[in-house]
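Please keep the sequence and the model in view while reading.

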Amino acid sequence: MEEGFVEVDMNAGDEPAAFPTVRATVVQASSVFFDTTATIEKAKNLIAEAAEQGAQLVVFPEVFVGGFPRGSDFGVTIGGPPQAKGRKGKDLFCKYYASAIDVPGPEANLLASFAAKYKVYLVMGAVERHGRTLYNTVLFFSPAGELLGKHRKLVPTALERVLWGCGDGSTLSVYDTPIGRVGALVCWESKMPLARAALYGKGLEIYCAPTADDSDLWQASARHVAHEGGCFLLSANQFCRRKDYPPPPEYAFTGFDEEPAPDDVLCRGGSVIVSPSGAVLAGPKYDGEGLLTADLDFSEIVRAKFDFDVVGHSSRPEVLTLVVKDQAQLPVIYNSASQN
């Protein structure tokens, strides 16, 4: 054990130290597109590698399981003809749907077993299949092999709305664990001030921000959000090349001016770990796949909130108050079911 590093015993029943240090790892890697089995096996190897480095928390990118369909428009043209291109787009969506996972389900059970085997808290981005609708979802697993819960992206960004349904307030959750209070917002959800406030109000300490945004502006957002919330922010992104996707014509980058070459970088990553003061602890990483690890000193949360506590001494509830509708919003409610 390295000097100055205090390990949290996740099996202990006693109260943790006032200011523990938690070792956290973000994974920067590409999915194996259209191959969920291979993607999950890759995740297992990356979790094992992180655990060897002493990680207690491992965070994966947005929709790592299921894949981020970069460069595809799924044949969508507003007001366009439903033939030809639209048919190909729906065929592509059928393959994408088949790559998604049920929660709970066998793939989720495998991920839970990895968390148990390597004794880590696992935060995994996945395409969740529910009925015939897909969701951009984050799954939370404990070292006991339990699925703690999930978060569904509230509003998919731009054309993503063609693929993924909208989540609701019932999955705006923060999980109180021995390594801290952990929650997540996905990519540009972190630009939604009220969604952030909903998590801050639950005492969020470790803000997981899986993303597909490799821009410089995302780095500014990550530092701002960590400083605003007085929390650690862990942002995991994929690093992927054209060859990480199926070759044409099976998968075409219709949103690009021309088909990329196999070694062309499509997403350069930019995974990063930020402290509650807004200081960068690890990353951003732009040089390929790999792991970023940092020790999170929880005294930094107290130091940051001495200056600014967004839902504490810096709030003005008599002027501004947020109401969160955190019940599941169902499209159909059957009265007879409630009477039984």
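## Terms and model

Angles under 35 degrees count as roughly parallel, those over 145 as roughly antiparallel, those from 65 to 115 as roughly perpendicular, and the rest as oblique. Helices (H or I, at least four residues) and strands (E, at least two) are DSSP runs, numbered from the N terminus.

The model is predicted: local features need pLDDT of at least 70, side-chain atom pairs count only at pLDDT 80 or more, and totals for chains, interfaces and linings use all residues. Residues are numbered from 1 along each chain as its sequence is written, and side-chain values use heavy atoms, with hydrogens and water left out.

## The pair α1 and α3

The axes of helix α1 (residues 36-52) and helix α3 (residues 106-118) come within 10 Å and cross at roughly 15 degrees. Axes here are lines fitted to C-alpha atoms, for helices over the stretch in contact, and angles run from 0 to 180 degrees between N-to-C directions. The two helices, α1 and α3, are therefore roughly parallel to each other.

In contact (heavy atoms within 4.5 Å), Thr36, Ile40, Lys44, Ile47, Ala48 and Ala51 of α1 meet Glu107, Leu110, Leu111, Phe114, Lys117 and Tyr118 of α3.

## The whole protein

The protein has seven helices and 14 strands. Its C-alpha atoms fill a box of roughly 60 × 55 × 40 Å, taken along the principal axes.

Of the 340 residues, 51% count as buried, that is, under 20% relative accessible area, where exposed is over 50% and partly exposed lies in between (1.4 Å probe, protein chains only). Among contacts with a separation of 6 or more, 69% join residues 24 or more positions apart.
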